[in-house]
Amino acid sequence: MWRCPLCKYPIDLVNTPVNCPQNHSFDKAKSGYVNLFPVQFKKSKAPGDDKAMVQARRAFHQLNAYQPLKQRMVELALDIIEHSENLKVKTPIHIFDAGCGEGSYLNEMVNGLREKGISCVGAGSDISKIAVDLAAKAFKREQFVVASSFDLPLENHSQDIMIQVFAPGNDAEYVRLLSDEGILITVDPSFDHLYEIKSLVYDSPRKHTPNHTDRDGLELANGERLTFTIDLVDSEHALALIKMTPFYWKLPQGKIDSMVSALKSVTADFNVQVWKKAL
């Protein structure tokens with residue numbers, strides 16, 4: 001399902017080194033990921049999230065605070081599969097996370113479908129080499145690559161389920177990659193997402209404006225708002241959450257300490273949408 005990011009010929013990630021038919025060569029790390037983001041395509045030396053931010057996200061996800069969101073994503077995928085004559089009998093289902101970060105959402109999706117008896121394989125990409133390395137070390141059953149979400153190194157129509165969670169993406173790429181009955185699940189913050197944190201930072205905090213825009217080549221199959229409360233059991237839990245936001249990296253340490261002490265619960269509020277290829 002992979003293709004060379006340079007010449008677009010099919011490529012096999014199993015062998016080491018990874019070479020395409022035109023002899024373009026790509027590095028495979030000890031953790032198992034492959035770097036399919038050629039240096040000439042980079043706009044900075046180390047694009048994407050840095051080590052501290054990636055580790056903060058991993059620490060937070062290990063506390064399972066976003067588990068209701070992950071479960072809902074699995075449920076939406078299961079419903080689509082059940083009502084699709086082609087996907088219901090396909091073996092395996094191909095799942096891809098564009099902008100996978102440290103891999104938690106992809107792993108939850110793959111495990112959730114497998115628990116329901118659905119054969120599937122998972123893969124993901126991120127522009128951050130640090131994030132992809134952490135994902136590859138933690139989730140050995142999935143294949144991870146370093147790549148841009150705006151030029152994914154995948155064959156046309158090769159994916160049945162794609163997910164985009166809090167990450168930038170490209171509609172034309174999703175249309176190119178999705179199978180005829182494939183779906184894209186997107187997750188963005190809704191109105192009240194982490195409003196309690198904003199209230200500790202700003203005198204007059206503004207609520208999020210959910211993204212309800214149309215997508216070229218895609219049509220909305222389902223859209224819903226998912227809201228739940230996260231009880232922060234201790235200061236470690238609160239700090240892990242704050243570290244996932246831009247505030248941690250912009251505010252002085254004293255302000256961060258006071259926020260950690262004051263924060264006892266937060267609102268998780270998501271705009272979850274399911275997209276199909278437009279007919």
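## Close-up views of a predicted model

**View 1. Asparagine 64 sits in the loop between helix 1 (51–61) and helix 2.** In this predicted model, phi of asparagine 64 is near 60°, a positive value in a residue other than glycine. Most residues other than glycine have a negative phi. With 46% relative accessibility, asparagine 64 is classed as partly exposed.

**View 2. Phenylalanine 166 has a positive phi, near 50°, in a residue other than glycine.** The loop that holds phenylalanine 166 runs between strand 7 (159–165) and helix 6 (171–177). The relative accessible area of phenylalanine 166 is 37%, so this residue counts as partly exposed.

**View 3. A cis peptide bond joins threonine 16 to proline 17, with omega near 0°.** Proline 17 belongs to the segment before strand 1 (18–19). Most peptide bonds are trans.

**View 4. A cis peptide bond also leads from threonine 91 to proline 92, with omega near -5°.** Proline 92 is located in the loop between helix 3 (85–89) and strand 4 (93–98).

View 5. Is cysteine 4 buried or exposed? Cysteine 4 is buried, at a relative accessible area of 0%. Cysteine 20 is buried as well, at 4% relative accessibility.

**View 6. The largest nonpolar core contains 58 residues.** Which residues have the most contacts inside this core? They are Tyr66, Leu113 and Ile185. Helix 2 (residues 67–82) supplies the largest share of the core, eight residues. Another core lies apart from the largest one and has 23 residues, including Val18, Val34, Ala123 and Leu152. In soluble globular proteins, nonpolar side chains tend to be buried together.

**View 7. Leucine 113 is shown with its contacts, leaving aside neighbours within four places in sequence.** Val74, Ala77, Leu78 and Ile81 are among the residues in contact with leucine 113.

Terms used:
Residues are numbered from 1 along each chain as its sequence is written. This is a predicted model: local features need pLDDT of at least 70, side-chain atom pairs count only at pLDDT 80 or more; totals for chains, interfaces and linings use all residues. Side-chain values use heavy atoms; hydrogens and water are left out. Buried means under 20% relative accessible area, exposed over 50%, partly exposed in between (1.4 Å probe, protein chains only). A nonpolar core is a set of buried Ala, Val, Leu, Ile, Met, Phe, Trp, Tyr and Cys residues joined through side-chain atoms within 4.5 Å. Helices (H or I, at least four residues) and strands (E, at least two) are DSSP runs, numbered from the N terminus. Contact means heavy atoms within 4.5 Å.
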